[in-house]
Amino acid sequence: MILNENYTLGNGLTIPKIALGTWQMSEEQAEQASLAAIRTGYRHIDTAAAYCNEKGVGRALKACGIPRGELFVTSKIPAEIKSYKQAKESIRNSLDYIGSEIDLILIHSPTPWDELWGNGNRYYEENLEVWKALEEEHRAGNIRALGVSNFNADDIRNILSHCEIKPLVNQICVYIGNVPKGVIEYCKDENILVEAYSPNATGRLKNNATVAETAKKYGVSVPRLGIRFCLQLGLLPLPKTVHEEYIRQNADVDFNISDGDMQLLLSL
Ligand SMILES: NC(=O)c1ccc[n+]([C@@H]2O[C@H](COP(=O)([O-])OP(=O)(O)OC[C@H]3O[C@@H](n4cnc5c(N)ncnc54)[C@H](OP(=O)(O)O)[C@@H]3O)[C@@H](O)[C@H]2O)c1
């Protein structure tokens with residue numbers, strides 16, 4: 001069962017194969033959804049400073065009754081933070097809100113959001129400064145693994161060629177119809193685990209007729225097909241839902257999409 005399965009990161013740390021996503025949840029919703037997920041058997045929650053709900057996730061981790069060592073929490077340094085000093089402050093705040101230790105912290109984006117597809121500045125120097133802050137907190141024992149998000153191969157190469165502690169995760173947007181094969185292959189070659197955010201296309205996956213038909217063929221909902229698809233690509237999906245019933249359904253993905261149907265879905 002997926003809830004009992006882990007990947008192993010390049011530093012030997014195990015990371016549960018599925019996480020609850022919490023983007024667009026209030027602090028209260030993140031607390032309640034995290035508690036529901038942990039009750040269901042999830043052991044991995046994905047949050048970010050920019051979601052403004054880390055305190056809710058932190059409260060759930062403390063209240064859930066499961067030893068902290070059995071839970072895995074990811075947070076992120078906001079995309080707009082591009083200096084060492086601000087990165088240190090952001091990490092301190094995340095540690096205060098979530099607890100004394102965070103399993104994984106990512107740089108949320110190589111560029112500020114409004115420049116992601118923009119003017120060509122990839123903020124190489126600035127991301128190295130942010131990375132330095134992450135490395136210090138890792139050495140101090142406050143973060144167990146470091147990673148990036150929305151990074152392309154050149155953005156990662158920049159970190160790899162200057163870092164002392166390697167990025168072990170790249171969290172990117174992957175769903176049926178949006179599979180960035182180049183960066184996924186690059187990450188696999190570098191032993192960087194790829195996490196699939198928006199595996200349900202932020203709720204839009206059901207609008208594709210082929211996806212809906214394929215889900216029907218397997219007798220599953222479209223979100224479950226989308227999550228299973230990511231797992232069969234060797235990725236770590238982060239489905240978001242505030243509903244306990246969906247939280248449960250989204251972890252019920254022990255079915256197999258045939259090779260032929262994987263090819264069909266990959267062609268969309
Ligand atoms: N690193 C980044 O830049 C980045 C960017 C985007 C997302 N993320 C992470 O990835 C997570 C997931 O991505 P996402 O939030 O874009 O959304 P998603 O997981 O692709 O889809 C969420 C939507 O699907 C609905 N849903 C989920 N399970 C369902 C089910 N079984 N049946 C029916 N509807 C269902 C949810 O509704 P309800 O909530 O109403 O149930 C919500 O509207 C985020 O929460 C965040 O943690 C990271």
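Helices are taken as DSSP runs of at least four residues, numbered from the N terminus. The model described here is predicted.

In helix H9, which spans residues 244-250, Arg 248 and Glu 245 stand three residues apart and are therefore separated by about one helical turn. An α-helix has 3.6 residues a turn, so residues three or four places apart point the same way. The side chains of Arg 248 and Glu 245 form a salt bridge, with an N to O distance of 2.7 Å. Both partners fall in the partly exposed class: the relative accessible area of Arg 248 is 42%, and that of Glu 245 is 40%.

Arg 157 is partly exposed at 40% relative accessibility, and Asp 154 is partly exposed at 42%.

The search of the whole structure returns 19 salt bridges. Side chains of opposite charge can pair when their charged atoms come close. One of the salt bridges joins the side chains of Asp 103 and Arg 68, at 2.9 Å from N to O. Asp 103 belongs to strand E6 (residues 102-107) and Arg 68 to the loop between H2 and E5, so this pair ties together parts that are 35 residues apart in sequence. The burial of the two partners was also computed. Asp 103 has a relative accessibility of 1% and counts as buried, because the buried class covers values under 20%. Arg 68, with a relative accessible area of 29%, is partly exposed. Asp 103 and Arg 68 also take part in a network of salt bridges that links them with Glu 101 and Arg 144.

Just after H2, the backbone at Gly 65 adopts a positive phi of about 85°.

Notes: Residues numbered from 1 in each chain as written. Predicted model: local features only at pLDDT ≥ 70, side-chain atom pairs only at ≥ 80, totals over all residues. Heavy atoms only, no water. Helix = DSSP H or I, 4+ residues; strand = E, 2+ residues; numbered from the N terminus. Salt bridge = Lys/Arg side-chain N within 4 Å of Asp/Glu carboxyl O. Buried < 20%, exposed > 50% of the residue type's maximum accessible area, 1.4 Å probe, protein only.
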